[in-house]
Amino acid sequence: MQEPLLQKLEDLAGADGTLTYGEFVAAALYDPEHGYYSTARNRVGKEADTDFYTASSLGPLFGRLLAETCVNLLTGQPPDMYTFVEIGAEPGGGVLQGVEHPFGGTTTLRLGDDLKVTGPAIVFANEWLDAQPFHRIIFREGQWRELGLHVRDHQLEETELDTLSPEAQAYLGKLPAQSAEGYRFDLPTGASTALRNLLAQPWHGLFLTLDYGKPLAELLETCPEGTARAYYRHQQTSDLLARPGEQDLTCHLCWDWLDDLLARHGFLDTAVLRQESLFMRHAQATLRAVTEATGNLQEKGRLKELLHPAHLGLKFQALHGSRPASVETPQSAL
């Protein structure tokens, strides 16, 4: 464990020595000095010293598929009118790096950068929203209660908090009044906040994100232990407290809530579909070019990994929608 980060967590804790999971995850991931995403480290890739890999790790094929997909989702609008804005790219990378594209320009925003988007834009994010803080609740004795952490003497221990935090309280109206005793629910509160802040800005065009999540009904019925987990050296674990600042922490998104946010901010034709379905529908020219080419088995292998349900095709889903230039963001959605 990082002793300096643990000391900061102790300083952050209230008079009773407790933290919400939201406070803990925010510090563990984004503390300016010791956070997982704030420090220089090899996080993404297939190498032994990385922690996980994404579609971007498979080379420029992913960017080619995305470029064609975005052009088709623009439904006939000239792509050179739009700036392609990528959110959450790793340092030194970018999904369109080395990829020919028809867009008017590109902007790459890293995790931790100021998130400012204006004008006509194609805003793309790959595993950005799942990298946001979350809160944990549990159904016990007829009501939803919040789980947090007790921190003392550089030790972390899960505990039940006396009251719900305002962040968790805001979601009670979205949840059933009754659930199974001991059922855990990981609230992706940071994902909703991050997306809301992005959508409230003065831009129009296409939004597309790829990530892992589930519909609300599935989160409420098939995940009794919650969905939060940690990743370290390509191993998934439920021990969120093992290595603060040294392992990735994440939970599943709730697609219903994010889709609703898009609709409330003036986005039309929103859809949630599997990554495989997204590319099969909207990147057919690139798919044909790869599958019909002679040789190049490595590229075909990458395509299989991106599409096959046993790999990334089913694990990741896409959420997309378009906001016309004439639509103003309703104040109630801000």
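**Exercise 1. What order do the six strands of the open sheet have, and how do they pair?**

Before we start: this is a predicted model, where local features need pLDDT of at least 70, side-chain atom pairs count only at pLDDT 80 or more, and totals for chains, interfaces and linings use all residues. Residues are numbered from 1 along each chain as its sequence is written, and side-chain values use heavy atoms, with hydrogens and water left out.

Solution. 
- Take the strands as DSSP runs (E, at least two residues; helices are H or I, at least four), numbered from the N terminus.
- Call two strands paired if DSSP finds at least two bridges between them.
- The order then reads β3-β2-β4-β9-β16-β15, with mixed pairing.
- β3 (105–110) and β15 (268–274) are the edges, each pairing on one side only.
- From one strand to the next, the twist averages 15 degrees.

**Exercise 2. Work out what surrounds strand β4 (residues 119–126)**.

Solution. 
- On one side, β2 (residues 83–89) pairs with β4 in the parallel sense over five bridges; I87 stands opposite A125 there.
- β4 also pairs with β9 (residues 203–211), again parallel, over eight bridges, and N126 has L210 as its bridge partner.
- Now check burial (under 20% relative accessible area is buried, over 50% exposed, partly exposed in between; 1.4 Å probe, protein chains only).
- Six of the eight residues in β4 are buried, leaving the strand mostly covered.

**Exercise 3. Describe how helix α3 (residues 60–73) meets helix α9 (residues 284–292)**.

Solution. 
- Contact means heavy atoms within 4.5 Å; from α3 it involves L61, R64, L65 and E68, and from α9 Q284, A285, T286, L287, A289 and V290.
- α3 also lies across β2, β4, β9 and β16 (317–323), at about 140 degrees to β9.

**Exercise 4. Why is the pair of Y36 and Y37 edge-to-face?**

Solution. 
- Rings of Phe, Tyr and Trp (its six-membered ring) pair if their centres lie within 6.5 Å; planes under 30 degrees apart are stacked, over 60 edge-to-face, the rest tilted.
- That rule gives twelve aromatic pairs.
- For Y36 and Y37, the centres are 5.0 Å apart and the planes stand at 85 degrees, so the pair is edge-to-face.
- Both Y36 and Y37 are buried.
- Elsewhere, ring pairs link F62, F84, F103, F124 and F279 into a cluster.

Note on methods:
Axes are lines fitted to C-alpha atoms, for helices over the stretch in contact, and angles run from 0 to 180 degrees between N-to-C directions.
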